[in-house]
Amino acid sequence: MNKILPWSVLAGALLAGNALAAPISQSYDTFGTLAGATFGGTGIPNDAVAVAVTNLGNSAVTLGLTAHQRYSNPALTNDGAGIFFASPGVDTNDPSPANPYATWNIGFYLGGEGLNLYNYKLLYDFNPGFNTEESEHGQIIFPSGLVGPIQDSWNMGMDFLGGGLPGITPPSFPSFDPNSAGEYSFALVAYDAQGAEVDRSAIVVRVGQVPEPGTLALLGLGLIGLAGIRGRAGNRGG
């Protein structure tokens with residue numbers, strides 16, 4: 001079964017502006033727990049989230065981005081600063097492996113009383129090479145006038161991310177291969193009505209790579225926190 005988008009009004013909500021000709025690197029105000037975030041499922045960890053908060057008068061917008069294992073695959077670790085470490089391979093849960101999914105997902109969160117004051121897009125990466133330029137990322141344009149929270153968990157193997165739907169521009173890299181080790185970067189970005197960037201949350205997922213020795217202590221804490229948790233993408237095609 002193909003993924004069904006949670007908002008049929010996604011079509012036609014295109015946002016002006018060109019992507020930057022620079023790599024996406026980690027970006028957040030805080031990295032840690034985003035209370036109340038479920039990422040559209042049950043059992044998905046919310047204690048390693050890149051969180052950016054924008055305040056406008058009495059209103060606030062929260063952008064949250066994380067990466068986590070799909071179902072009972074190996075738990076992701078992280079360096080405590082927005083870089084996640086995942087295992088390569090094809091997930092064995094439906095609709096994979098017939099429609100190959102990765103063993104890991106990304107989860108996003110949009111919330112706050114001022115959510116309808118901005119426009120948003122999610123930038124995503126199919127290229128396992130390092131330092132993929134932002135202009136080569138795929139993008140999903142969210143409809144304007146959102147009432148939140150808006151949250152979900154997506155796998156890069158989901159068919160709709162390859163394009164073919166209004167409001168979705170696929171990455172310049174031809175397709176996603178869940179077996180490819182490398183680095184994948186993601187950003188959830190807020191823009192004002194003039195198309196100027198207001199804020200972003202951004203993370204990096206390194207697949208099939210061993211963390212630097214200096215991060216082992218942080219990874220150990222992350223493993224303790226994730227032990228026994230079955231991360232999943234919920235009942236909407238995760």
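In this predicted model, five strands make up an open sheet, arranged in the order β1-β2-β3-β6-β9 with antiparallel pairing. Its edges are formed by β1 (30-32) and β9, each of which pairs on one side only. On average, and with direction ignored, neighbouring strands of this sheet are turned by 15 degrees against each other. Within the sheet, β3 and β6 are joined by eight bridges in the antiparallel sense. Q69 has W104, in β6, as its bridge partner.

W104 also belongs to the largest nonpolar core, which holds 41 residues. Together with L110, Y120, F142, M156, L161 and F186, W104 touches the most other members of that core. Elements that contribute two or more residues to this core include β2 (49-56), β3 (59-69), β6 (104-111) and β9 (150-154), as well as β11 (182-191) and β12 (197-207). Apart from this core lies another, of seven residues, with A37, F39, I44 and V49 among them. In soluble globular proteins, nonpolar side chains tend to be buried together.

The surroundings of L110 can be listed in detail. Leaving aside residues up to four places away in sequence, L110 touches T62, L63, L115, Y120, F142, L146, G148, P149, I150 and L188.

R200 is found in strand β12. Is R200 buried or exposed? R200 counts as buried because its relative accessible area is 11%, below the cut-off of 20%. Its side chain makes polar contacts with two side chains, as tabulated here.

| Side chain | Partner side chain | Polar contact |
|---|---|---|
| R200 | E134 | 3.1 Å |
| R200 | E197 | 2.8 Å |

Definitions and conventions:
Residues numbered from 1 in each chain as written. Predicted model: local features only at pLDDT ≥ 70, side-chain atom pairs only at ≥ 80, totals over all residues. Heavy atoms only, no water. Core = buried A, V, L, I, M, F, W, Y, C linked by side-chain atoms within 4.5 Å. Buried < 20%, exposed > 50% of the residue type's maximum accessible area, 1.4 Å probe, protein only. Helix = DSSP H or I, 4+ residues; strand = E, 2+ residues; numbered from the N terminus. Contact = heavy atoms within 4.5 Å. Polar contact = N/O pair within 3.5 Å; in protein donor to acceptor, adjacent residues only side chain to side chain. Pairing = 2+ DSSP bridges. Axes fitted to C-alpha atoms, helices over the stretch in contact; angles between N-to-C directions.
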